[in-house]
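Subject: Structure for you to look at

Hello,

Please find the structure below.

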Amino acid sequence: MKLLLVMVFIHSLLALAPASKTPTVIIIGAGMSGISAAKTLHDAGIRDILILEATNRIGGRVMKTQFSGYAVEMGANWLFGGGPVHNPVLEMAEKVKLKTSLNDYDNLTSNTYKQDGGLYPKTLVEAVDKVAVARDDFCAKFSTLLTKKVKNDVDISILAGQRLFKQEPKTPLEMVVDYYHNDYEDGEPPKVTSLKHTYPRNEFVDHGEDPYFVADPRGFEIVVQYLAKQFLSSLKGDPRLKLNKVVREIIYSKNGVAVKTEDGSIYKAKYVIVSVSVGVLQSDLIDFRPKLPIWKRLAISDFSMTIYTKIFLKFPYKFWPTGPGTEFFIYTHVRRGYYPLWQHLENEYPGSNILFVTVTAEESRRVEQLSDQEVEAEVMAVLKTLFGNKIPKPEDILVPRWGSNRFYKGSYSNWPDKYSQHRHDQLGDPVGPVYFTGEHNSNRYIGYVTGAYFTGIDTADDLLGCIKNQTCRGYNSQQM
């Protein structure tokens with residue numbers, strides 16, 4: 001017992017390591033990648049760190065909010081399990097007893113509605129979906145062929161792969177099924193998405209295809225908080241974490257970095273890890289001085305940041321089908337991506353009477369320009385087409401606006417077609433003492449929380465090599 005108390009005391013002392021006036025490393029952003037990087041540095045003995053977070057919370061794009069008395073996830077929402085490779089994020093979720101629900105997409109073919117109302121015959125949708133599955137398999141095999149057989153870094157879009165397969169989706173039904181197979185995951189359509197770097201879908205290949213939907217009053221962000229608590233003494237009192245610190249300028253040289261925040265504060269360090277989204281890097285929120293080299297700016301500007309919008313509606317009572325096999329339904333429209341994927345939350349929150357619909361990419365950008373009332377009118381027109389004019393008005397609506405939020409500028413990244421591996425390597429490369437991390441740097445799990453987690457570790461390990469072994473790629477591999 002005495003030995004245990006001593007160990008606990010020592011751990012507390014280590015966790016309480018104060019933020020020095022000139023820390024070794026400043027981490028910008030307290031999302032999954034920033035926290036993962038900070039923990040990796042701490043575990044390696046670099047405890048004089050400082051985390052600057054623009055908002056009042058830890059979690060980044062893993063974000064819950066209260067909606068009509070229920071916690072809903074505005075950002076990351078699913079964990080994947082059942083695969084051959086260990087998923088550390090799922091393991092952390094299990095440790096904190098995160099409440100999840102296993103989604104069932106198996107009956108989508110029975111719940112696919114026509115644009116003018118009424119269901120498509122299940123056999124017809126099954127036939128279209130069978131072609132979509134074969135198309136996916138072809139894309140995965142062709143991606144492997146491009147990787148192994150073609151010496152140059154050749155890539156094509158997913159749409160080009162579909163055309164090679166001679167099965168390009170053309171009818172509204174084919175398009176909405178293809179949307180489910182691609183846009184619903186990637187956040188952007190196949191015509192702008194890399195085939196080589198999207199197929200096979202490594203998140204599913206490695207971690208499994210069992211989709212666990214997070215529905216926990218504490219939110220998915222409790223997992224990021226759990227990771228932070230492994231090295232911070234408190235999420236509010238540890239001096240190495242400063243919330244509401246909006247970074248506006250990074251001045252860097254061989255002598256170190258100076259980070260200026262919107263409130264006029266200046267923080268200095270030897271190195272900085274920037275964990276903001278690629279969308280923020282593309283914006284004018286943070287000014288780098290001197291300007292980042294042209295190769296770095298091109299790598300940032302050419303990458304894609306998409307928007308994935310879940311629009312939540314609360315009704316006084318249910319008017320949609322419920323029970324086994326009804327969790328999801330699809331709406332078909334001549335305009336690709338027009339309010340296509342719907343899900344009710346009766347499995348997660350019985351009696352909540354909550355529906356949400358997902359839109360992405362250009363539809364998300366369009367929706368963000370509308371008022372909530374205008375969005376509600378469009379959504380209700382769809383629901384009345386499907387379930388009749390006598391359905392009730394919603395009591396509440398939530399329309400997240402990720403693209404308009406200056407701290408995120410989108411939901412997650414997507415690998416564009418013809419964006420080379422070399423260019424992607426440059427996206428993650430350091431510039432002098434400035435290091436970059438985030439899910440956009442991941443080769444295997446781009447767009448996923450697991451990608452953010454692993455890239456945080458990778459970036460911290462890269463920096464540790466510089467600090468401890470003087471293998472500083474920011475100075476050796478590229479010109480500042």
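How do the residues of the lining of the largest cavity divide into nonpolar, polar and charged? There are seven nonpolar, three polar and two charged. Here Ala, Val, Leu, Ile, Met, Phe, Trp, Tyr, Cys and Pro count as nonpolar, Asp, Glu, Lys and Arg as charged, and the others, Gly among them, as polar.

Before the rest, a note on the source. This is a predicted model, in which local features need pLDDT of at least 70 and side-chain atom pairs count only at pLDDT 80 or more, while totals for chains, interfaces and linings use all residues. Residues are numbered from 1 along each chain as its sequence is written, and side-chain values use heavy atoms, with hydrogens and water left out.

Cavities

The structure holds two cavities of 30 Å³ or more. A cavity is a set of points, on a 1 Å grid over the protein atoms alone, where a 1.4 Å probe fits but cannot get out; a pocket is an open set with protein on both sides within 12 Å along at least five of seven lines; lining residues have an atom within 4 Å of a point. Grid points are joined across faces, edges and corners, and a volume is the space filled by probe spheres set on the points.

The largest cavity holds about 60 Å³ of space. Its lining includes Pro-172, Met-175, Tyr-331, His-333 and Arg-336. Helix H6 gives the most to this lining, with four residues. Helices (H or I, at least four residues) and strands (E, at least two) are DSSP runs, numbered from the N terminus.

The second largest cavity has a volume of about 40 Å³. Among the residues that line it are Ala-71, Val-72, Glu-73 and Phe-213. Strand E4 supplies the largest share of this lining, three residues. By class, the lining has eight nonpolar, one polar and one charged residues.

Helix H12 (361-368) gives the most to the lining, with four residues. The lining has eight nonpolar, three polar and nine charged residues.

Strands

Strand E3 (residues 64-67) and strand E4 (residues 70-73) pair in the antiparallel sense over four bridges; two strands pair if DSSP finds at least two bridges between them. Lys-64 stands opposite Glu-73 in E4. The hairpin of E3 and E4 has two residues between the strands, and Ser-68 takes a positive phi near 50° there.

Elsewhere, four strands form an open sheet in the order E12-E11-E10-E14, with mixed pairing. Strands E12 (266-269) and E14 (287-289) are its edges, each pairing on one side only. E11 (residues 256-261) and E12 run antiparallel, joined by four bridges, and Ala-258 has Lys-268 in E12 as its bridge partner.

Core

The largest nonpolar core has 42 residues, and those with the most contacts inside it include Val-25, Met-32, Leu-98 and Phe-220. Such a core is a set of buried Ala, Val, Leu, Ile, Met, Phe, Trp, Tyr and Cys residues joined through side-chain atoms within 4.5 Å, where buried means under 20% relative accessible area (1.4 Å probe, protein chains only). Helix H15 (449-469) gives the most to this core, with seven residues.

Regards

Technical notes:
Buried < 20%, exposed > 50% of the residue type's maximum accessible area, 1.4 Å probe, protein only.
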